[in-house]
Amino acid sequence: MAFPSHRPRRTRQSDAWRRMVRETRLSADALIHPLFVVPGRGVRHPVSSMPGVSQLSVDEAVNDARAIMAAGVPAVLLFAAPQVKDAQASNALDPGGLAAQAIAAIKDACPQLLVWADVCLCGATDHGHCGHVLPGGVIDNDSSIETLAQVALNYARAGADAVAPSDMMDGRIAAIRELLDAQGSAATPIVSYAAKYASCFYGPFREAAESAPAFGDRRSYQMDPANAREALREVLADVEEGADLVMVKPAGPYLDVIRRVRDAVSVPVAAYQVSGEYSLIKAAAERGWIDERAAVIETLTAIHRAGADLIITYWATDVARWLNA
Ligand code: PBG
């Protein structure tokens with residue numbers, strides 16, 4: 001009986017072979033490290049649901065930014081949790097507000113490190129929703145995108161290298177692009193959280209960003225996890241409106257969406273390995289049930305293989321160190 005002529009094991013025989021035929025290569029160049037900023041000085045407040053992640057005051061965020069850059073990670077994604085929260089999201093609109101301060105301080109200390117600023121209302125509003133709330137609890141789209149554009153302009157003027165709207169209101173990319181262009185920030189790119197799902201995996205983040213909604217949930221603006229064709233509509237609309245990069249979020253449970261988006265657009269595609277994806281692996285590793293480093297490399301490789309050019313992950317700096325060790 002003739003043996004099959006294909007023996008895929010031939011090129012798996014040694015590490016040298018496996019390295020040579022590897023189809024997907026992780027690189028620190030593709031990683032973005034999230035940072036959570038809070039008021040104060042010398043503050044490093046551990047996020048209990050995300051072991052290894054802390055809320056940082058601006059001075060400590062600058063220290064972390066230096067370490068992130070030294071490890072070879074090219075960008076951070078900045079979230080601010082100001083103390084004063086109100087219906088207008090005033091702190092996010094204030095040129096002296098927490099996010100604006102953090103952007104300026106990090107750019108001052110690390111001019112080469114890219115600072116992406118998350119643009120949303122949830123961290124700065126008293127109700128914790130990503131847009132303005134009308135009487136009766138409806139989230140109002142069109143007044144929200146005006147405010148989001150003002151927030152984006154504030155962050156661009158503070159020195160952000162990109163603004164990253166994560167609110168999922170309709171038409172916000174066009175509104176932001178128009179205002180940035182009209183107000184002298186035409187060179188600032190927009191990283192759109194284009195296909196962002198209403199996911200349970202954001203749970204731990206809401207502790208870190210102090211952004212849990214005070215009532216209801218985000219399902220009237222974030223996407224239904226059951227939908228993939230709709231993700232393409234969202235992404236194509238955002239590209240049409242002027243998004244320079246698009247994002248799929250979460251990452252691991254949405255690999256099919258990442259692949260479809262990668263095949264549908266020509267702009268860079270980012271994927272966000274979110275807080276819950278992080279905490280699951282951390283918790284299992286703490287119990288000795290899984291090898292953390294192997295799980296991180298495998299999940300990030302899968303996200304990259306699915307089509308993500310760039311990956312936002314809380315392990316960005318660790319991975320950069322592992323890859324360069
Ligand atoms: C804010 C925002 C969220 C995340 C990023 N930006 C939370 C949410 O939409 O509730 C989640 C990130 C993570 O879980 O790591 N709109």
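Predicted model: local features only at pLDDT ≥ 70, side-chain atom pairs only at ≥ 80, totals over all residues.
## What "buried" means here

A residue is called buried when its relative accessible area is under 20%, and exposed when that value is over 50%, with residues in between described as partly exposed. Ser211 has a relative accessibility of 1%, and therefore it counts as buried.

## Ser211 and its surroundings

Ser211 is placed in a loop, namely the one that runs between helix α7 (203-208) and α8 (229-241). If residues up to four places away in sequence are left aside, Ser211 touches Cys122, Gly123, Gly128, Phe205, Arg206 and Arg218.

## The ligand

A polar side-chain atom of Arg206 lies 2.6 Å from an oxygen atom of the ligand, and for Arg218 the corresponding distance from a polar side-chain atom to a ligand oxygen is 2.8 Å. Lys196 likewise has a polar side-chain atom 2.7 Å from an oxygen atom of the ligand. The ligand on its own has 400 Å² of accessible area, and the protein covers 100% of it.

There are 18 residues around the ligand, and those that come nearest are Lys196, Arg206, Lys249, Ser275 and Tyr314. The space that the ligand takes up is the largest cavity.

## Gln273, a buried residue in a loop

Gln273 is found in the loop between β11 (269-272) and α10 (275-286). With a relative accessible area of 2%, which is under the 20% limit, Gln273 is buried. Its side chain makes a polar contact of 3.1 Å with the side chain of Thr299, and another of 2.7 Å with the side chain of Thr313.

Apart from residues up to four places away in sequence, the residues that Gln273 touches include Thr299, Thr313 and Tyr314; Tyr314 is also one of the residues that come nearest to the ligand.

## Lys107, a buried residue in a helix

Lys107 belongs to helix α4, which spans residues 98-109. Its relative accessible area is 16%, and because the limit for buried is under 20%, Lys107 is counted as buried.

The side chain of Lys107 makes a polar contact of 2.8 Å with the side chain of Asp161. Leaving out residues up to four places away in sequence, Lys107 touches Leu113, Leu114, Val115 and Gly159 as well as Asp161.

Technical notes
Residues numbered from 1 in each chain as written. Heavy atoms only, no water. Helix = DSSP H or I, 4+ residues; strand = E, 2+ residues; numbered from the N terminus. Buried < 20%, exposed > 50% of the residue type's maximum accessible area, 1.4 Å probe, protein only. Polar contact = N/O pair within 3.5 Å; in protein donor to acceptor, adjacent residues only side chain to side chain. Contact = heavy atoms within 4.5 Å. Near = heavy atom within 4 Å. Areas by Shrake-Rupley, 256 points an atom, 1.4 Å probe, with all protein chains shown as cover. 1 Å grid on protein atoms, 1.4 Å probe; cavity = no way out; pocket = protein on both sides within 12 Å on 5 of 7 lines; lining within 4 Å. Sits in = over half its atoms within 2 Å of the grid points.
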